[in-house]
Amino acid sequence: MSFTIPEEATPRLNRSELAVPGSNPALFEKAAASNADVVFLDLEDAVAPDDKEQARKNVIEAINDIDWGRKTLSVRINGLDTHYMYRDVVDVLEQAGERLDLIMIPKVGTASDIYAIDMLCTQIEAAKGRKKRIGFEMIIETALGMQNIHEIAAASKRNESLHFGVADYAAYTKARTTGIGGPNPMYGVLTDVDGDNPRDFHWGDMWHYAVARMVVAARANGLRPIDGPFGDFSDPEGFKAQAYRSAILGCEGKWAIHPSQIDMANEVNGPSEAEITRAKRILAAMEQAQREGKGAVSLDGRLIDIASIRQATVMVDKAAAIAA
Ligand code: GLV
Ligand code: MG
């Protein structure tokens with residue numbers, strides 16, 4: 001291990017993160033009663049310009065009046081390039097109570113963006129005597145943000161998670177797609193295993209680099225990496241495939257842009273019974289190995305060693321957090 005040890009952000013379950021437009025209060029109670037680990041009330045792209053002010057009022061009222069149970073509650077503010085942003089932060093932090101946990105910052109481009117909002121939050125918290133320090137979720141969804149992701153991840157003690165905003169990322173990198181997440185049938189390789197003609201076409205994952213880069217930046221700074229939206233809510237199989245792909249790379253959760261995606265995100269991002277059982281068996285086998293002075297042993301015909309203890313502990317700890 002390096003002498004530098006990343007400090008872990010406030011631990012929270014973040015298997016599913018439900019997006020709820022701030023302009024649609026009819027959805028708030030349902031969101032509060034849902035199985036989502038995190039709910040973010042949106043003031044940004046799901047809200048039309050003419051509705052921004054009313055949405056802000058709705059969100060403040062909802063934070064104060066609705067019983068959000070044990071959920072983590074967040075508000076997505078507008079981008080730093082808009083005149084809505086300062087008022088989002090000022091009004092929400094001045095008028096909404098301590099129930100709010102996080103602010104989600106969209107289209108972050110540089111570490112200075114985080115610095116600016118940190119300063120604003122710090123001043124308001126001090127002026128208003130807020131007791132709970134607001135944490136930050138940051139959406140990486142522009143080319144600039146992806147370029148500067150490591151500095152962004154390290155920019156503030158408030159930082160808790162990085163999110164891959166696939167829709168805007170496609171737009172800002174000028175990727176040739178109009179879908180929100182998911183594969184593109186044009187992105188693939190021709191394979192020729194049997195030397196046949198015509199050759200086989202295998203789809204690739206056009207988002208692999210972005211998600212993998214985000215996972216590294218997040219984990220190196222003790223943050224949660226979270227995969228963003230999958231727009232086709234009538235395709236549960238497609239959602240699950242996308243969610244497994246990012247979970248396997250290290251993401252801890254995925255957005256739900258429709259209530260039907262919440263349970264799927266929870267399922268994919270919580271370890272399965274089989275995974276928990278295997279993790280516990282690994283821990284037991286390694287305890288035995290260590291009692292016998294061994295660093296590595298075999299379990300079911302496969303090598304396990306001290307790194308396996310770390311992997312298994314991640315699973316068992318997550319299962320315990322879900323059960324708590
Ligand atoms: C989320 O904000 C996205 O752009 O995908
Ligand atoms: Mg976006």
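UniProt positions are given here in the numbering used for this structure, with shortened feature names, and such annotations may be inferred rather than shown by experiment. The model is predicted: local features need pLDDT of at least 70, side-chain atom pairs count only at pLDDT 80 or more, and totals for chains, interfaces and linings use all residues. Residues are numbered from 1 along each chain as its sequence is written, with chains lettered from A and ligands numbered from 1 in the order in which they are written.

**Exercise 1. The chain and its domain**

Task: State how many helices and strands the protein chain has, and which residues UniProt lists for the domain.

Solution: 
- Helices (H or I, at least four residues) and strands (E, at least two) are DSSP runs, numbered from the N terminus. The protein chain has 12 helices and 12 strands.
- An unreviewed UniProt entry lists residues 16-259 as "domain: HpcH/HpaI aldolase/citrate lyase".

**Exercise 2. Overall size**

Task: Explain why the radius of gyration agrees with a compact globule.

Solution: 
- The radius is taken over C-alpha atoms, and the globule rule is 2.2 Å times the number of residues to the power 0.38.
- For 324 residues a compact globule would have a radius near 20 Å; the protein chain has 21 Å, so the two agree.
- Along its principal axes the C-alpha trace spans about 60 × 60 × 40 Å.

**Exercise 3. Strand β5**

Task: Determine whether the residues of β5 are buried or exposed, and which strands pair with β5.

Solution: 
- A residue is buried if 20 or more other C-beta atoms, placed from the backbone, lie within 10 Å of its own, exposed if 12 or fewer, and partly exposed in between. In β5 (residues 135-140), 6 of 6 residues are buried.
- In a regular strand the side chains alternate between the two faces of the sheet. One side of β5 holds G135, E137 and I139, the other F136, M138 and I140.
- Strands pair if DSSP finds at least two bridges between them. β4 (residues 102-105) runs parallel to β5 and is joined to it by 4 bridges, with L102 opposite G135.
- β6 (residues 159-164) pairs with β5 in the parallel sense over 5 bridges, and F136 stands opposite N159.

**Exercise 4. Around ligand 1**

Task: Find which helix gives the most residues to the shell around ligand 1.

Solution: 
- Surrounding ligand 1 (C-beta atom, placed from the backbone, within 6 Å) are residues including P106, I139, E141 and D168.
- Helix α7 (residues 166-172) gives the most, with 3 residues.
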